[in-house]
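Welcome! Try each task before you read its solution.

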Amino acid sequence: MIRVNPLVEEAIRNNQPIVGLESTIISHGMPYPDNIKTSLLCEDYIKNEGAIPATIAIINGEIVVGLTEKEIEFIANPINKIVKVGRKDLPVVLANKANGALTVSATMMICDMVNIRFFATGGIGGVHRGVEETFDISQDLREFTLSNVVVVSAGVKSILDINKTLEYLETLGVLVIGFKTKEFPAFYTQESNIEIEYRCDSPDEIAEIIKYQDAMKIKSGILIANPIPKEYSYSKSSIDKAIEKAMVEMKGQEVTGKAVTPYLLAKISEITANKSLEVNQQLVYNNCRLAAQIAKAYQKVGGYGEKN
Ligand code: PSU
Ligand code: MN
């Protein structure tokens, strides 16, 4: 059911630094054909840091770890009707021999299965605003209790309720570390005014913590919150306006369930005349670089030798 690209397979066997990449961000998070370029650039940034990228998706009912360029082009193209796949959807998509893009939850799950420890994304899913009514909480959060994977994310989008998302992670016992910051980043912007408990200032520091997690045999995900670089960061007030507007428009459209996140991303991109798309791309590249650096630092402290 799982086909691991031979290059990635060899890297896993030799304990080399590898960074997993999700595919929902390609198929549902960004418009075609920009999404192809973004996806390939993500891989380049990881390679430039000396790590091996592995983009993961489902093609004709087979989970592929380490897509080829052709396969990336395939899942990027909307004519191929790529399904958005979270943990719970996986067996259905496999049974239907369908094509699927994996969300953070499903990607973490597969990374854990094939022994890929590090994973870069844009922003993880979380507790949605208005959760009191909708009960909409992303599967991504619970996945951190199930998969032993370190996820580098630019925090969470302020289309979500950031406070509640962090409280939920706290309840689940998930470690959240800010990279060079104690302010939890809000995806498009560095600012959220929400403080987190832990801050690390280098990949080495993070690797050291992961090593102790291993030594304790704690099997759970870690969230590394990596703010978008200052030069690309929106101010909180300007992106908040775009988000408010997108949410008002969504209310009139009766968008629900797994369509919510892709809808809002596209809407915000439209409202900001694609500026938010560029910001989204830059923060993903930034996360790819950091994930690769942490993977390398982890190898340096002997992390891969103690695989459990
Ligand atoms: N962040 C992005 N773009 C995306 C997503 C996150 O920058 O497309 C995707 C991720 O795959 C994440 C998913 O797992 O949205 C969350 O969806 P939901 O809120 O339906 O759980
Ligand atoms: Mn949801």
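This is a predicted model: local features need pLDDT of at least 70, side-chain atom pairs count only at pLDDT 80 or more; totals for chains, interfaces and linings use all residues.

**Exercise 1. Two partners of α3**

Describe how α3 packs against α4, and then how α3 packs against α13.

*Solution.* Begin with α4. Helix α3 covers residues 34–48 and helix α4 covers residues 69–76; their axes are 9 Å apart, at an angle of about 140 degrees. That makes α3 oblique to α4, since only angles over 145 degrees count as roughly antiparallel. The crossing of α3 past α4 is right-handed. On the α3 side, the contact involves Asn 35, Ile 36, Ser 39, Leu 40 and Glu 43, and these meet Glu 69, Ile 72, Glu 73 and Ala 76 of α4. Sorted by class, this contact of α3 with α4 holds four nonpolar, two polar and three charged residues.

Now turn to α13. The axes of α3 and α13 come within 8 Å and cross at roughly 25 degrees. The two helices are therefore roughly parallel to each other. Here, too, α3 passes α13 in a right-handed crossing. Residues of α3 in this contact include Leu 41, Cys 42 and Tyr 45, while those of α13 include Val 284, Tyr 285 and Cys 288. The contact of α3 with α13 divides into nine nonpolar, two polar and two charged residues.

**Exercise 2. α10 against α13**

At roughly what angle do the axes of α10 and α13 cross, and which residues meet?

*Solution.* Take the geometry first: helix α10 (residues 203–215) and helix α13 (residues 275–300) have axes that come within 8 Å and cross at roughly 60 degrees. These helices are therefore oblique to each other. Their crossing is right-handed. For the residues, α10 brings Pro 203, Asp 204, Ile 206, Ala 207, Ile 210, Lys 211 and Asp 214, which meet Leu 290, Gln 293, Ile 294, Ala 297, Tyr 298 and Lys 300 in α13. By class, the contact of α10 with α13 comprises eight nonpolar, one polar and four charged residues.

**Exercise 3. Around the ligand**

How many residues are around ligand 1, and which come nearest?

*Solution.* There are 17 residues around ligand 1, and Glu 22, Gly 123, Ser 138, Asp 140 and Thr 261 come nearest. Now check the polar atoms. In Glu 22, a polar side-chain atom lies 2.6 Å from an oxygen atom of ligand 1. The side chain of Asp 140 has an N or O atom 2.7 Å from an oxygen atom of ligand 1. Finally, an N or O atom in the side chain of Lys 157 is 2.9 Å from a nitrogen atom of the ligand.

Definitions and conventions
Residues are numbered from 1 along each chain as its sequence is written. Chains are lettered from A and ligands numbered from 1 in the order in which they are written. Side-chain values use heavy atoms; hydrogens and water are left out. Axes are lines fitted to C-alpha atoms, for helices over the stretch in contact, and angles run from 0 to 180 degrees between N-to-C directions. Helices (H or I, at least four residues) and strands (E, at least two) are DSSP runs, numbered from the N terminus. Angles under 35 degrees count as roughly parallel, over 145 as roughly antiparallel, 65 to 115 as roughly perpendicular and the rest as oblique. A crossing is left-handed if the near helix is turned anticlockwise from the far one by less than a right angle, and right-handed if clockwise. Contact means heavy atoms within 4.5 Å. Ala, Val, Leu, Ile, Met, Phe, Trp, Tyr, Cys and Pro count as nonpolar, Asp, Glu, Lys and Arg as charged, and the others, Gly among them, as polar. A residue is near a molecule or strand if one of its heavy atoms lies within 4 Å of it. A polar contact is a pair of N or O atoms within 3.5 Å; within protein, one must be able to donate a hydrogen and the other to accept it, and residues adjacent in sequence count only if both atoms are side-chain atoms.
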